[in-house]
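Please look through the model shown here before reading the numbered points below.

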Amino acid sequence: MTASSSLRSAFALSLDDWVDWTVTNGENRFRAQQIVDWLYAKRAKSWDEMTNLSLPLREKLISSFSIQRPPLVRIEGSADTTRKYLLRLVDHRLVETVKIPASVHFDGAQSDRVTLCVSSQVGCAYGCKFCASGLAGFTRNLEPEEIVGQAMAVEEESGESIRNVVFMGMGEPLANLTRVTKAIEILNAPWGLGIGARHMTLSTSGLAPQIEKLAEIPIQIRLAVSLHGATDEVRDQIMPVNQMYPLARLFEALAIWRSKKAQKITFEYILIEGVNDSLEQAAILARRAKSLDAKVNLIPYNTVEGLLWKRPSERQQDAFLRVLTRAGASATLRREKGHDIAAACGQLRLREETAEGTIRPADVKIHRSEKGD
Ligand code: SAH
Ligand code: SF4
C-alpha cells in the first residue's frame, strides 16, 4: 500500500460533507465550495495547487485526504470505438470501465453523448449463467470514490466529457446501494461531474427490495432490468437470483418504481439459442413489458469463453422481435457486436495480475459471501 492509501479519499465526500468538515475544523464553510471547485471543475492533482486556501488549511487537507484517482493500468480499443480501461484500486485489485462513443446505441436511440459504463463491485455474487462478470465470484464492493474515480480517470485520459453513465459494468449495483447512491450524488451534482440524472441508468438483475428502496430516493435516474426470461421456469435456468425474487415479486417492486418515476423502465433481454428465444417467451415478454409500459432491448448473446451458450440465428432473432412489436410492445434489437451499450459493457470479467506482471482472467472463486447492503 502507498502512504496515501491510508488517507481518506477526497472523492468520497459530498459538498455537505465538506461543509461539515470545514466547520468542524474551525474553517469558514465557504471553503467547502472552494475545495469542490478545485477537485471537480479545476481537476487539481495536488492540494498545493489550491492557492486560494490558506497554508494551514492545505496542510490539514494533505494530512487527512488523498486526491489520487485510480491509476490506469491498461487501455484496450481505439479512441473512436468502444474503449476499455483497466484501473488499479488501492488494494491492487483491478476494475474495468468502458467508454462508449456517442455513435453507439442505447435503448433504441442513437446517443449524442459519450457514455461510460461503470463497475460497481469487483466481481459479482449473483452468478448469472451468461455473464463473464459473475464467473469468478464476488470479491468486494467498490467505494463511492472508486466509482466516481472511473469517470474522472477516463475524462482526464481522453479529454472527453462523460455525459451519460450506465451502471452496467461489473457487479450488481443494488447489492452496493449505499455506496452507489453516494457515487450517483457526486456524479450528478452541479459541483461534482454535473451529469444529469436522466442520463444515468442503473441496471439490476432484479433485487426487488432494493428497487423499492431506490424508488424512495428522489432522483430521476433510469432503471434497466436484466430480465432474460419471461417466465420463472426459463429465468430460473439463467439467473439464480430469480429463486430469491421470482417474477411476481420483481414486478411488484417495478410497479412501485413506475408509480414514483417518470422515466420508462428498460428490460434487457439477451437472446440465447434454445434457452429463452422461443416465440412463446416473446409473447409473454410482450405482455409483461406492456403491463409496465416498459421498453425491451434485445441483445444477441455474445459468446463468453468458458460458457456454452450461443446466439440464435438472425432469422430467429427477427421472429422474436416481430412477436413483440406486433403485440404492441416497444422493442429494439441491435445486432452488430459492440454497437449496443449493454452488449459492449456486459463482457467485463475479473482479472488478476500475475507475479510476472501480466494480466489474466481470474479463474479462481475468491469468495461468494456478499457484504452488500
Ligand atoms: N448486475 C447488473 C449490471 C450488469 S449489466 C445486471 O445484471 O443488470 C449486465 C448486462 O450486460 C446484461 O443485462 C446484458 O445486457 C449484458 N450482458 C452480460 N453478458 C452478456 C453477454 N454474454 N452477451 C450480451 N450481453 C451481455
Ligand atoms: Fe452479476 Fe449482473 Fe453479471 Fe448477473 S448479469 S452475474 S447480476 S453482473
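Which unit do β14, helix α10 and β15 make?

1. The model is a predicted one, and within it β14, helix α10 (residues 279–292) and β15 make a β-α-β unit that is right-handed. The two strands of this unit run parallel, and six bridges join β14 to β15, which spans residues 295–300. One pair that can be located in the structure is T266, whose bridge partner in β15 is K295.

2. Strand β14 also pairs with strand β13 (residues 222–226), again in the parallel sense, with three bridges between them. Strand β14, which covers residues 266–271, is mostly covered, with six of its six residues buried. In a regular strand the side chains alternate between the two faces of the sheet. In β14, T266, E268 and I270 point one way, while F267, Y269 and L271 point the other way, and all of them are buried.

3. Which residues come nearest to ligand 1? There are 22 residues around ligand 1, and those that come nearest are G171, S203, S226, E268 and N302. E268 belongs to the group in β14 that points one way together with T266 and I270.

4. A polar side-chain atom of S226 lies 2.6 Å from an oxygen atom of the ligand, whereas the backbone supplies a polar atom of F130 at 3.2 Å from a nitrogen atom of ligand 1 and a polar atom of T204 at 3.4 Å from an oxygen atom of ligand 1. On its own, ligand 1 has 550 Å² of accessible area, and the protein covers 97% of this.

5. H228 has a positive phi, near 60°, and its place is in the loop between β13 and α7 (232–238). D293 likewise has a positive phi, of about 55°, and is found in the loop between α10 and β15.

How values were computed. Residues numbered from 1 in each chain as written. Chains lettered and ligands numbered in written order. Predicted model: local features only at pLDDT ≥ 70, side-chain atom pairs only at ≥ 80, totals over all residues. Heavy atoms only, no water. Buried < 20%, exposed > 50% of the residue type's maximum accessible area, 1.4 Å probe, protein only. Helix = DSSP H or I, 4+ residues; strand = E, 2+ residues; numbered from the N terminus. Pairing = 2+ DSSP bridges. Right-handed = clockwise from strand over helix to strand, strands pointing away. Near = heavy atom within 4 Å. Polar contact = N/O pair within 3.5 Å; in protein donor to acceptor, adjacent residues only side chain to side chain. Areas by Shrake-Rupley, 256 points an atom, 1.4 Å probe, with all protein chains shown as cover.
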